Amino acid sequence: MRLVTMCFRNLSRRRLRTLLCVFGVAVSTCFIVAVGATTSRCVTIITEMNIFFRGEVIVVAQGVFVIQGFPIGGVIPQNIVDDLNKMECIERTIPVLFNFEFRPGETFGILPVNATIGLPVEEWSMIVDLSTLKRGGRLPQANSTKEVIIGCSIADQYGISTDSKINLKGQELTVCGIIEGPSALLARSIIMSLEIAQDIFNYPMQINMAVVKPKPNVTQESLASRIEGEMSHVMVLTENERNDLVKPVLEAVENWNMAIQGILFFLSVILVAIVGMMSVSERRRDFATLDAMGAPLSYVFRLVILETALIGVLGGILGIAFGSLAALVLSSIYTNIPLAQFFPSIFEIVPPVYMLEISLAVVAVCCVGGIIPAINATRMRIAEVLRAEY
Amino acid sequence: MKISTVDLTRTYRIGPSEITAVNKVNLEVNKATFTAIVGPSGSGKSTLLNLLGLNDYPTSGKIFIDHTDASLKSGRQRRKIRLFRMGFVFQTFNLLPTLNALENVELPMALTQKPPKEQREKAVRLLENVGLGDRLYHRPRELSVGEMQRVAIARALANDPELIIADEPTGELDSKTAKEIIGLLFDINRKRKTTVIVATHDEKIVEVADTLYTIRDGKLKLEN
């Protein structure tokens with residue numbers, strides 16, 4: 001008789017209790033997956049923003065909130081670029097108007113609906129690589145201010161293809177390329193010329209950041225202090241400073257995530273241990289009979305642990321399924337992107353490796369919960385059980 | 001299997017008082033004999049059987065199995081002896097409720113890692129021998145008490161034990177079924193040359209036993 005079959009039958013002896021226990025483990029797993037996937041997606045987006053502007057310093061308005069080099073609001077006059085270019089330690093300066101667009105009526109959400117990046121047409125290669133464009137896509141022609149490149153998520157949502165015409169706040173624009181890379185930020189981005197961005201968002205002759213490339217022998221730190229020494233009302237951030245700005249935020253998110261996971265796993269251990277103890281206590285005679293038959297202690301131990309592990313497997317599968325669905329719903333709510341559009345990318349939001357990690361962790365947690373009941377089961381002696389019964 | 005004891009004693013502490021369930025018992029059970037231990041409830045029969053079956057540790061005294069002191073053996077060695085050399089039949093059958101008759105009989109063989117095919121064939125044969133060839137796939141709750149005790153006997157025989165210890169095997173049965181079970185145990189003793197020790201109130205068992213002991217207040221006395 002296979003041990004697994006025996007365990008299934010033992011669990012099915014108390015169906016309601018087993019189902020409630022599986023449900024409890026599934027609810028914990030569901031929360032872990034939903035919270036974990038949603039927060040790690042935010043962290044991933046923030047982290048991947050770090051790939052932009054490597055080796056460059058950025059100049060933004062003083063006191064503005066910056067995430068990995070992308071400012072939220074704040075403006076500086078565009079002529080600052082000319083002033084910067086006059087400094088001998090600077091190789092070049094690129095003006096950028098970057099805008100996170102949140103859901104209508106909301107000043108701030110967890111995730112923006114999309115991002116628009118306005119920068120001179122000849123500098124688009126700084127953000128988008130030709131190889132990441134869908135087939136048929138291209139970078140805009142020189143001096144073209146009516147062409148845009150959009151992210152694949154926006155294209156899918158609105159059924160836009162290369163060479164489609166789109167109307168953006170009264171401006172008719174041509175989509176010359178669709179970004180198909182793994183970047184979640186770029187998937188929701190619209191890249192346009194600086195002039196169009198200034199026109200659409202009503203920032204005439206204004207930008208909100210300038211990306212400054214230092215000359216080869218100039219360090220980012222010395223360049224930043226020189227700019228801040230010569231210009232007032234601006235903040236200059238080196239790569240290290242930008243990382244340091246988000247580091248505490250990312251660490252806090254990570255710590256909260258760990259804390260939530262820890263609490264839920266701990267509750268699962270207690271739940272499984274209680275149910276396991278009840279089950280062992282009800283089956284004292286069975287375990288004592290196994291002992292009288294000469295069953296090795298390892299056999300009895302395995303029997304109980306396998307039962308709790310099966311609860312973990314069932315709870316884990318249900319929890320991951322519902323948790324993944326919840327993560328999709330949360331992403332849809334926070335981004336205003338239709339839920340159906342998230343389904344094909346379910347494994348990007350809840351990566352298979354993460355699913356595997358969580359399912360293994362849930363099974364391990366349930367096995368830990370089964371240790372005390374299993375030890376109790378190995379201590380059942382027929383002499384004591386029979387003496388207690390008569 | 002020959003089993004003997006020297007001054008075997010087992011005491012329990014219940015609250016402030018100490019109860020001597022088995023008091024300096026000297027017993028000798030020879031190979032392939034049918035031994036009955038008779039005594040009233042609470043006289044120490046079950047405690048003595050648990051000690052003989054290595055399910056319990058004596059407070060003092062010794063148990064010899066084939067001239068080897070078994071009271072000194074570790075828990076692991078005792079389990080090994082129980083698994084390979086002994087079979088148990090309980091008054092309340094103690095069948096595992098989630099397993100059917102066949103699986104209950106297969107279980108001791110599975111614990112010795114016998115191949116599944118061999119387990120199945122032998123379990124079927126044993127159940128047919130105790131007259132349950134048509135009840136193989138019935139779970140304990142679908143069997144009568146007599147049938148459950150037959151399954152328990154078949155299970156006790158699964159690993160071809162040298163000794164069968166039966167604790168009031170007819171205690172829960174009507175007189176007709178009890179007679180059948182006694183006949184079955186007697187047949188096992190005679191045909192397989194298996195040593196059988198039975199604790200009982202049942203007069204019919206006393207009649208067929210080769211050796212009869214009586215026990216009262218933990219003290220054992222040889223009657224014939």
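Me: How many helices and strands does the secondary structure of chain B come to?
Reply: The model is a predicted one, in which local features need pLDDT of at least 70, side-chain atom pairs count only at pLDDT 80 or more, and totals for chains, interfaces and linings use all residues. Residue numbers start from 1 along each chain as its sequence is written, while chains are lettered from A and ligands numbered from 1 in the order in which they are written. Helices (H or I, at least four residues) and strands (E, at least two) are DSSP runs, numbered from the N terminus. On that basis chain B has seven helices and 10 strands.

Me: What is the radius of gyration of chain B?
Reply: The radius of gyration is taken over C-alpha atoms, and the globule rule is 2.2 Å times the number of residues to the power 0.38. The C-alpha trace of chain B spans about 50 × 40 × 35 Å along its principal axes. For 224 residues the rule gives 17 Å, and chain B is close to that value, so it is as compact as a globular protein of that length, with a radius of gyration of 17 Å.

Me: What is the radius of gyration of chain A?
Reply: The secondary structure of chain A comprises 14 helices and 13 strands. Its C-alpha trace extends over about 100 × 45 × 35 Å along the principal axes. A compact globule of 390 residues would have a value near 21 Å, but that of chain A is 29 Å.

Me: How far apart do the C-alpha centres of domain 1 and domain 2 of chain A lie?
Reply: Domain bounds come from an automatic or database domain assignment. Domain 1 of chain A covers 3–46 + 247–389, and domain 2 covers 55–238. Their C-alpha centres are separated by 46 Å.

Me: Which helix of chain B gives the most to the side that touches chain A?
Reply: Two residues are in contact if their C-beta atoms, placed from the backbone, lie within 7 Å, and by this criterion the contact takes 19 residues from chain B and 18 residues from chain A. On the side of chain B, α1 (45–52), α2 (75–85) and α3 (101–111) each supply at least two residues. With six residues, the helix that gives the most is α3(B).

Me: With which residues is B:I165 in contact, leaving aside its neighbours within four places in sequence?
Reply: B:I165 is among the residues with the most contacts inside the largest nonpolar core. Beyond its sequence neighbours, its contacts are B:L49, B:L52, B:G53, B:M86, B:F88 and B:I197.

Me: How many residues of helix α9 of chain A are buried?
Reply: The helix covers residues 284–293 and is mostly covered. Its buried residues include A:D286, A:F287 and A:D291.

Me: Which residue of β10(A) is the bridge partner of A:I149?
Reply: Strand β7 (residues 147–151) of chain A has five of its five residues buried, so it is largely enclosed by the rest of the structure. Two strands pair if DSSP finds at least two bridges between them, and five bridges join β7(A) to the parallel strand β9 (residues 171–179). β7(A) also pairs with β10 (residues 189–192) in the antiparallel sense, over two bridges. In β10(A), the partner of A:I149 is A:I191.

Me: Which strands stand at the edges of the open sheet of four strands in chain B?
Reply: The sheet has the order β2-β1-β4-β5, with antiparallel pairing. Each edge strand has a single partner strand, so one side of each is left without a neighbour in the sheet; these strands are β2 (17–29) and β5 (68–69).

Methods. Core = buried A, V, L, I, M, F, W, Y, C linked by C-beta atoms within 7 Å. Buried ≥ 20, exposed ≤ 12 C-beta atoms within 10 Å, placed from the backbone.
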